[in-house]
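Me: I have a protein structure open and would like to learn how to read it. Please take me through its features one at a time.

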Amino acid sequence: MNFKVTLLALFISFFQLQAQNTGTISGKVVEKSNNSPIPYATIVLKSNDQIINGGITDEKGEFSISKIAYGNYLLEIQFIGFKTVQLPANLTTKNFQVKTVQLEEEATSLSEVEVVGERSSIEQRIDRKVVNVGADLVNAGPTASDVLNNIPSVSVDAQNNTISLRGNPNVQIFIDGKPSQMSAAQAIQQIPSTSIKQIELITNPSAKYNPEGMSGIINIILKKNSNLGFNGSVNAGVNFGITPKGNGSLDLNYRINKFNFYTTYSINHGQRISEGYLNTEDISDDNFSNRSDFFIKNLNTNNFIKAGVDFYLNEKNTFSFFTNQIFNTTEGYFSNDVNYTNGVNPSITQLFISEKKVKTMFTI
């Protein structure tokens, strides 16, 4: 019986000793700028990089961590948007009061951000309408044909690329203010959309354009950088229809003193497919009718290069020397299947297949 009493006394003495060797760490957290309390700040108690205990501040910014064994600790105070504070906490008494902790706002200085508008806009001038080509028109397709087809009052025929301005097909294409050596249909297929800066619609050309017999002029202005120093840009896009079509461009520019050297390289690559049928009947001859099924597949790769130099004579006068070169590769396949449904030989079928591969170079 005496042994049990002695053992119980030893246990009670041990726990009393442990209780005597623990204490409480408390304090208050405020904002440095105005001394207002910071509620819900995180309090972490560490020893040898190990987390021992922790807690959060109340609405008055106060905290209290109890039942901590005597020893040397590191107190870490954290709150979103403020710098983390670490301070020593040497617990040797029953209650250890930390001096008021002031948290400083953590401000991050952002570098300058330049916002560039990419949406197309239309300017109405005295003698023309100017379309500033943005990303929305560039993404319409890989060639100038796709861009023009998305401009009001301009339409492009999908079969032969004939351009109409306000319904009239007698249109002349200008490149950078000069008449193109190519036909309108060729020009809009060879110029990549990523190389176009502006499109001017001149519906009432003046006498300097020799406008007799024309319904108007479409002037395609190509990109030319003139920023100081060496700079450049890269653009890429893809258009998905029945088949994917891709385009991309690289613009480089170096301007020093009164000289500006620049070059632009653009490429578009894609396949176009057209198919359909035509039923023919002779109303004067009931024994003559046929059905013609056609299939057209074209694979085009267009490479466009513009290079030049500007000399700035003064603020209002500039001498420019440049060249525009287009390298085009076209692979085409055409088939036409004609079935005679009646007549003398109703079972006759005529099949015509044509394949071509053409490489051309243009200077515009």
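Reply: Start with a term: a residue is buried if its relative accessible area is under 20%, exposed if over 50%, and partly exposed in between, using a 1.4 Å probe and protein chains only. Helices (H or I, at least four residues) and strands (E, at least two) are DSSP runs, numbered from the N terminus. This is a predicted model, in which local features need pLDDT of at least 70 and side-chain atom pairs count only at pLDDT 80 or more, while totals for chains, interfaces and linings use all residues. Residues are numbered from 1 along each chain as its sequence is written, and side-chain values use heavy atoms, with hydrogens and water left out.

Me: How many of the residues of strand E13 are buried?

Reply: In strand E13 (residues 171-175), 4 of the 5 residues are buried, so the strand is largely enclosed by the rest of the structure. Ile173 belongs to E13 and is buried, with a relative accessible area of 4%.

Me: Which residues does Ile173 touch?

Reply: Contact means heavy atoms within 4.5 Å. Not counting residues up to four places away in sequence, Ile173 touches Ile163, Lys178, Pro179, Ser180, Ala184, Ala187, Ile188, Ile218 and Ile220. The C-alpha atoms of Ile173 and Ile217 are separated by 6.0 Å, although the two residues are 44 apart along the chain.

Me: Which strand does E13 pair with in the parallel sense?

Reply: Two strands pair if DSSP finds at least two bridges between them. E13 pairs in the parallel sense with strand E16 (residues 216-222) over 5 bridges, and Ile175 has Ile220 in E16 as its bridge partner. E13 and E14 run antiparallel and are joined by 2 bridges, with Phe174 opposite Pro179 in E14. E13 and E14 form a hairpin with 2 residues between them, and Asp176 in the turn has a positive phi of about 55 degrees.

Me: In what order do the strands of the open sheet come?

Reply: The open sheet has 6 strands in the order E9-E10-E15-E16-E13-E14, and the pairing is mixed. Strand E9 (121-124) and strand E14 (178-179) stand at the edges with a single partner strand each, so one side of each has no neighbour in the sheet. E9 pairs with strand E10 (residues 129-132) in the antiparallel sense over 4 bridges; there, Ser121 has Asn132 in E10 as its bridge partner. As a general idea, side chains in a regular strand alternate between the two faces of the sheet.

Me: Which strands pair with E1 in the parallel sense?

Reply: E1 pairs in the parallel sense with strand E7 (residues 95-97) over 3 bridges, and with strand E8 (residues 101-103) over 3 bridges. Ser26 stands opposite Gln97 in E7, and Val30 stands opposite Gln102 in E8. E1 also pairs with strand E4 (residues 62-69), in the antiparallel sense over 6 bridges. In strand E1 (residues 22-31), 8 of the 10 residues are buried, so the strand is largely enclosed by the rest of the structure.

Me: Which residues of the largest nonpolar core touch the most other members?

Reply: A nonpolar core is a set of buried Ala, Val, Leu, Ile, Met, Phe, Trp, Tyr and Cys residues joined through side-chain atoms within 4.5 Å. The largest has 25 residues, of which Leu148, Ile151, Ile199, Ile218 and Ile220 touch the most other members. Another core, of 19 residues, lies apart from it, with Ile65, Leu75, Ile77 and Leu91 among them.

Me: How many cavities are there of 30 Å³ or more?

Reply: Rolling a probe the size of a water molecule over the atoms shows where empty space is left. On a 1 Å grid over the protein atoms alone, a cavity is a set of points where a 1.4 Å probe fits but cannot get out, and lining residues have an atom within 4 Å of a point. Grid points are joined across faces, edges and corners, and a volume is the space filled by probe spheres set on the points. The count is 1 cavity of 30 Å³ or more, and the largest cavity has a volume of about 60 Å³. Strand E19 (259-282) and strand E20 (285-312) each supply at least two residues of its lining, and E19 gives the most, with 4 residues.

Terms used: 1 Å grid on protein atoms, 1.4 Å probe; cavity = no way out; pocket = protein on both sides within 12 Å on 5 of 7 lines; lining within 4 Å.
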